[in-house]
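Me: I am new to this structure and would like a careful, close look at a single part of it. Please take me through that part slowly, and then through whatever it leads to.

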Amino acid sequence: MKKSFKLKFMIMRKVSSFLLVIAFIGTICNVHTFAGANQNEIVNKASVSDFTNGYKLSGKSLFTFIPHADFGDTSISHFNNALYQWNACLPTGVSGMNRSPTSRHTDTTYPRQDNINRIYRVANFSKTYVAQTTSWLNKSSKIRIEADINLNMRYKWSNGASSDTYDVWTVFLHEAGHVMGLRDLEDIDYINRVMYYASTLGEKKRSVTSEERTLIQQIYG
């Protein structure tokens, strides 16, 4: 079964910036209504379902991504750093995500179901999303078995996020959070979290918050 997490940017100009909007689309839709809780509610009430997309990794083996060959060394390093942020949240003994140390791909057919987790850089001018994650899921076990992530090259990217670009690390960190099992947060109370649904050009958000760490511990604990 396939599930797509579209990270769309609604073109809403305000001081030359765009707002990021993410939607869940697919044959298995498991969208939880956001209740507008404050940032500490998950710690106090453990309302995990309000913050998750219903699927997770098996935790038994590493979920390995293969980047496109045209990504530079700095972008590759930032992918690593983003994945490390999420892996550091996992309980001891649970396997998370990594990036293949040697393999690269040149595929331009996004998404492709072939048991390979790819990071794409396809320019899709007919779509407004800036990044998108498409997952294939085991409906009965609630395990994510494959995921492809595309950074839409119709937009400008950088590894430092100048005022007119999106930061590779920041956006990929958010997308990898979907693969781990987290959903988008739309309430303004969550603006500082990685999984907040909106971002502006030039923004850097490169560290998982303590609340998100707690969520991952509860999902995989």
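Which residues in α2 are buried?

Reply: Before the details, please keep in mind that this is a predicted model. In helix α2, the buried residues are Ser-75, Ile-76, His-78, Phe-79, Ala-82, Leu-83 and Trp-86. They lie on the same side of α2, because the arc they cover around the axis is only 160°. The face turned away from this buried side carries Asp-73 and Tyr-84, which are exposed. As for its length, α2 has 15 residues and reaches 21 Å from its first C-alpha to its last, close to the 21 Å expected at 1.5 Å a residue.

What the buried side meets can be followed next. The buried residues of α2 pack against β3, β4, β5, β7, α3 and α4. Take Ser-75, whose place is in helix α2: with a relative accessible area of 8%, it falls under the 20% limit and therefore counts as buried. Leaving aside neighbours within four places in sequence, Ser-75 is in contact with Asn-159 and Val-168.

The strands come next. The chain of strand β3, residues 63-67, is mostly covered, with four of its five residues buried, and three bridges join β3 to strand β4, residues 97-99, the two running parallel. Within this pairing, Phe-65 stands opposite Arg-99 in β4. Between these strands the chain passes from β3 through helix α2, residues 73-87, to β4, and this β-α-β crossover is right-handed. Strand β3 also pairs with strand β5, residues 117-120, in the parallel sense and over three bridges; here the bridge partner of Pro-67 is Ile-119 in β5.

The largest nonpolar core has 43 residues, of which Trp-86, Met-97, Leu-151 and Ile-216 touch the most other members. The elements giving two or more residues to this core are β3, α2, β6, β7, α3 and α4, and α3 gives the most, with eight residues. For Met-97, when neighbours within four places in sequence are left aside, the contacts include Phe-63 and Phe-65, Leu-83 and Trp-86, and also Ala-176, Val-179 and Met-180.

At 1.5 Å a residue, the 13 residues of α3, residues 168-180, should span 18 Å, and the end C-alpha atoms are 18 Å apart, which agrees. Just after α3, Gly-181 takes a positive phi of about 130°.

Helix α4, residues 210-220, contains Arg-213. At 38% relative accessibility, Arg-213 counts as partly exposed, because that value lies between the limits of 20% and 50%. Arg-213 touches Ala-88, Cys-89 and Val-208, not counting residues up to four places away in sequence. Of these, Ala-88 is 125 residues from Arg-213 in sequence, while the two are 8.3 Å apart in space, C-alpha to C-alpha.

To return to the part you asked about, helix α2 has its buried residues on the same side, and those buried residues pack against β3, β4, β5, β7, α3 and α4.

Methods
Residues numbered from 1 in each chain as written. Predicted model: local features only at pLDDT ≥ 70, side-chain atom pairs only at ≥ 80, totals over all residues. Heavy atoms only, no water. Expected span 1.5 Å × (residues − 1). Buried < 20%, exposed > 50% of the residue type's maximum accessible area, 1.4 Å probe, protein only. Contact = heavy atoms within 4.5 Å. Pairing = 2+ DSSP bridges. Right-handed = clockwise from strand over helix to strand, strands pointing away. Core = buried A, V, L, I, M, F, W, Y, C linked by side-chain atoms within 4.5 Å. Arc of directions from axis to C-beta.
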